[in-house]
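User: I am new to this structure and would like to learn how its features are read. May we go through them one at a time?

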Amino acid sequence: MATLTPDLPVHARSGTPLLFTGATTHTLDPSLGSLTGGLLVEGGTITGVDVDAHPGAHVVDCSGLVIVPAAVDGIDLPGRHEHRLHPLTRGNPATFALVRGGAELESVIWWPRRAAAVVVEGEFAFLAGRRLLPPPAGATTPVHTESGPHLGTWTDKTQDVVQELTPDGRYTEARNGVRDAYQGAFWLAHDHIAYRDDLGFWAYGTFRDEVLHHAHFTFRR
């Protein structure tokens, strides 16, 4: 068993399966929810969830961490620009972050350089604050589109916060009457949302019963 140390990218690129254990994995898949078993990665793909052991796998101890999905954003997370947020399930790209956070997905906020590790399509982009995958020259956040019932205006009247989710995959948030206090890209997956703010941090939300739960906010239509 190994911890998150600089020798891990060698294992990832060599094709050795990696089994991330000890963490809570927020899969974003409604049939799986959050799991405490291991996450198995082979090549650039997730090949197992809630796994206890796998022959020949390099076991990575992630005790005290949570694993959350991420999307290729072109700047900090360079990749194939599929413009999608993939749930952490078998057959999907192994793109995720290992961070410290609470048990609830919507309470997780992380910065790539402060994460314990960030994996993009099976390779370590960041490890213990070190960038290992450089972004392409002139990289920008890719344009993508979103659709579905969650688009539109969401308001937390008790805290005077208004969030707008638009079809171009962008959000803007007004706080206490200040427009565009926060803005950036977002990705939807089932009843979950991932935000990549233009300041560089990632955050999450969950839609339940016509309510958007994000950080300590409760948004309604």
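User: Which side chain does Arg 208 meet in a salt bridge?

Analyst: Side chains of opposite charge can pair when their charged atoms come close. In this predicted model, the partner of Arg 208 is the side chain of Glu 106, with 3.5 Å from N to O.

User: Into which domains is the protein divided?

Analyst: Domain 1 covers 18-131 and domain 2 covers 152-220. Their centres, taken over C-alpha atoms, are 22 Å apart. Where the two touch, domain 1 contributes 23 residues and domain 2 contributes 19 residues.

User: How is the size of such an interface expressed, and how much do domain 1 and domain 2 bury between them?

Analyst: The size of an interface is often given as the accessible area lost when the parts come together. Here domain 1 and domain 2 bury about 1,700 Å² between them, and 64% of that lies on carbon and sulfur atoms. On the domain 1 side, Leu 85, Glu 106 and Trp 111 supply 34% of the area buried against domain 2, more than any other three residues. Glu 106 is also the residue whose side chain forms the salt bridge with Arg 208.

User: How many salt bridges and polar contacts cross the interface of domain 1 and domain 2?

Analyst: The interface holds three salt bridges. Seven residue pairs are in polar contact across it, both residues being at pLDDT 80 or more. Strand 7 (66-69) and strand 9 (109-110) each supply at least two residues of the side of domain 1 that touches domain 2. That side is made up of 17 nonpolar, one polar and five charged residues.

User: In what order do the strands of the open sheet stand?

Analyst: Strands of a sheet pair through backbone hydrogen bonds, either parallel or antiparallel. In this case seven strands form the open sheet in the order 3-2-7-8-10-11-12, with mixed pairing. Strand 3 (34-35) and strand 12 (130-131) are at the edges with a single partner strand each, so one side of each has no neighbour in the sheet. Strand 7 and strand 8 (residues 96-99) run antiparallel and are joined by four bridges. Within strand 8, Phe 96 stands opposite Pro 69.

User: Which residue does the side chain of Asp 73 meet in a salt bridge?

Analyst: The whole structure contains six salt bridges. One of them pairs the side chain of Asp 73 with that of Arg 196, at 2.8 Å from N to O. Asp 73 lies in the loop between strand 7 and strand 8, and Arg 196 lies in strand 17 (residues 192-197), so this pair ties together parts that are 123 residues apart in sequence.

Technical notes
Residues are numbered from 1 along each chain as its sequence is written. This is a predicted model: local features need pLDDT of at least 70, side-chain atom pairs count only at pLDDT 80 or more; totals for chains, interfaces and linings use all residues. Side-chain values use heavy atoms; hydrogens and water are left out. Domain bounds come from an automatic or database domain assignment. Contact means heavy atoms within 4.5 Å. Buried area is the accessible area (1.4 Å probe) that two parts lose on being put together, summed over both. A salt bridge is a side-chain nitrogen of Lys or Arg within 4 Å of a carboxyl oxygen of Asp or Glu. A polar contact is a pair of N or O atoms within 3.5 Å; within protein, one must be able to donate a hydrogen and the other to accept it, and residues adjacent in sequence count only if both atoms are side-chain atoms. Ala, Val, Leu, Ile, Met, Phe, Trp, Tyr, Cys and Pro count as nonpolar, Asp, Glu, Lys and Arg as charged, and the others, Gly among them, as polar. Two strands pair if DSSP finds at least two bridges between them.
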